[in-house]
Amino acid sequence: MTDDIRGSSLRSVATTPCAIVPPHLLNRLARAEDPAVHEPARRTLALDAAQRVQRRLTAEIGPTAAPPTRGPDHSDRTICDVEHRQELPGRRIRGEGEADVPDTSVNQAYDGLGATFDFYLQTLSRSSIDGAGLPLDASVHYRRDYDNAFWDGEQMVFGDGDGHIFGDFTQSPDVIGHELTHGVTQYTANLAYMGQSGALNEHLSDVFGSLVEQYAKGETTEETNWLIGEELLRPGVQGVALRSMKAPGTAYDDDELGKDPQPAHMNDFVQTFADNGGVHINSGIPNHAFYLAATRLGGHAWDGAGRIWYDVLTGGRLASDADFMSFARLTADAADAYGPQERDAVLQAWDAVGVPTS
């Protein structure tokens, strides 16, 4: 039996989203025979459930003031070490402008926060995730063998991974960009984290997480691999990443992880109550639409499809309970401002994944 989550039948208060590794993956790992795999997964699931309550409260409070037109042109980063405990933020290790330290996780977190800040500022004229120069804080070494990373509504938190399936979560720039973009969404459309609006929330984080890495590497749409979290999987895992925007459903096929369940077309939309209505699963559909639009336009994706998607996210017309169809229509409208080539690329992309725009 399936659980119907189509359309606008599901509603929820806007909540700050879950961590980068979705619960369906952790649930699968929690059933593994190997204690080195299932014990970290079970602990991570329990910690994530507790964090979701706190993140919901933070998101319901929401932004307290409208940001100024332009914030500062420099980042303000602080990295702390939780020292495998749970109390945040932990001991301060490195601040803005300070030199590298011996701890690689601290340096990678620092660089990833900086790459995200630089991307938003240089390509979209946005100062930090709130548009007003919000300081970017992060804590590393969260608990032991923690298989996740998340934005808690106020800061980034990174686990070290279990060393068997997942490695250090600070090593993936697109994961850092993904999670910080949940903060951008929190300060703009604040999409409800359930059903299609929740899948759009995840989709937007995948889009801009990928663009953060593409911008840092100077990659064009033809040069990038369109993978999310490719650095996380340990050697021996049968997979290339957590998700593929180019080919949803092909990121992994592993005895421990299972098979990537993401669809690329509305014909395969997954109807479930799990994962807040499949927010990490059905995001594959708009992810693939973005990939198609971006590659059709070519060049640097942040100059084409990325700008259109950002205009929709921040334009004030995106409802917190938006579904795929309403989001697609807004992207088509936004593309009009750039020209017929852009509009055609967007319309054809949504048509290819089975989402109508009229």
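The entries go from the whole chain to single residues.

**Ground rules.** I am working on a predicted model, where local features need pLDDT of at least 70 and side-chain atom pairs count only at pLDDT 80 or more, while totals for chains, interfaces and linings use all residues. Residues are numbered from 1 along each chain as its sequence is written, and side-chain values use heavy atoms, with hydrogens and water left out.

**Whole chain.** I find 10 helices and nine strands in the protein chain; these are DSSP runs numbered from the N terminus, helices being H or I of at least four residues and strands E of at least two. Of the 358 residues, 58% count as buried. Buried means under 20% relative accessible area, exposed over 50%, and partly exposed in between, with a 1.4 Å probe and protein chains only. I note an accessible surface of about 13,900 Å², 47% of it belonging to carbon and sulfur atoms; the areas come from the Shrake-Rupley method with a 1.4 Å probe, and for residues only the protein chains shown count as cover. Contact means heavy atoms within 4.5 Å. Among contacts with a separation of 6 or more, 65% join residues 24 or more positions apart.

**Cores.** I take a nonpolar core as a set of buried Ala, Val, Leu, Ile, Met, Phe, Trp, Tyr and Cys residues joined through side-chain atoms within 4.5 Å. The largest one has 86 residues, and Phe 158, Phe 166, Leu 257 and Trp 350 are among those with the most contacts inside it. Helix α3 (residues 104-124) gives the most to this core, with 10 residues. A second, separate core of seven residues includes Leu 47, Val 82, Tyr 142 and Tyr 146.

**Phe 158.** This residue sits in strand β5 (residues 156-158). Phe 158 counts as buried because its relative accessible area is 0%. Beyond four places in sequence, Phe 158 touches residues including Ala 109, Val 140, Tyr 142, Phe 169 and Ile 176. I also checked Ala 19: 139 residues from Phe 158 in sequence, but 9.8 Å in space, C-alpha to C-alpha.

**His 203.** I place His 203 in helix α5 (residues 195-217). Is His 203 buried or exposed? His 203 is at 0% relative accessibility, so it counts as buried. Outside four places in sequence, its contacts are Ser 283, Pro 286, Asn 287, Phe 290, Trp 309 and Phe 327.

**Helices α7 and α10.** The axes of α7 (residues 284-297) and α10 (residues 340-352) come within 8 Å and cross at roughly 145 degrees. Axes are lines fitted to C-alpha atoms, for helices over the stretch in contact, and angles run from 0 to 180 degrees between N-to-C directions. The contact involves, among others, Pro 286 and Leu 292 of α7 and Ala 345 and Trp 350 of α10.

The peptide bond from Leu 88 to Pro 89 is cis, with omega near 5 degrees. Pro 89 lies in the loop between β1 (77-81) and β2 (91-95). Asp 145, a residue other than glycine, has a positive phi near 55 degrees; Asp 145 is in the loop between β3 (136-140) and β4 (149-151). With 32% relative accessibility, Asp 145 counts as partly exposed. Asn 276 also has a positive phi, near 55 degrees, but lies in helix α6 (residues 274-278). I log Asn 276 as partly exposed because its relative accessible area is 27%.
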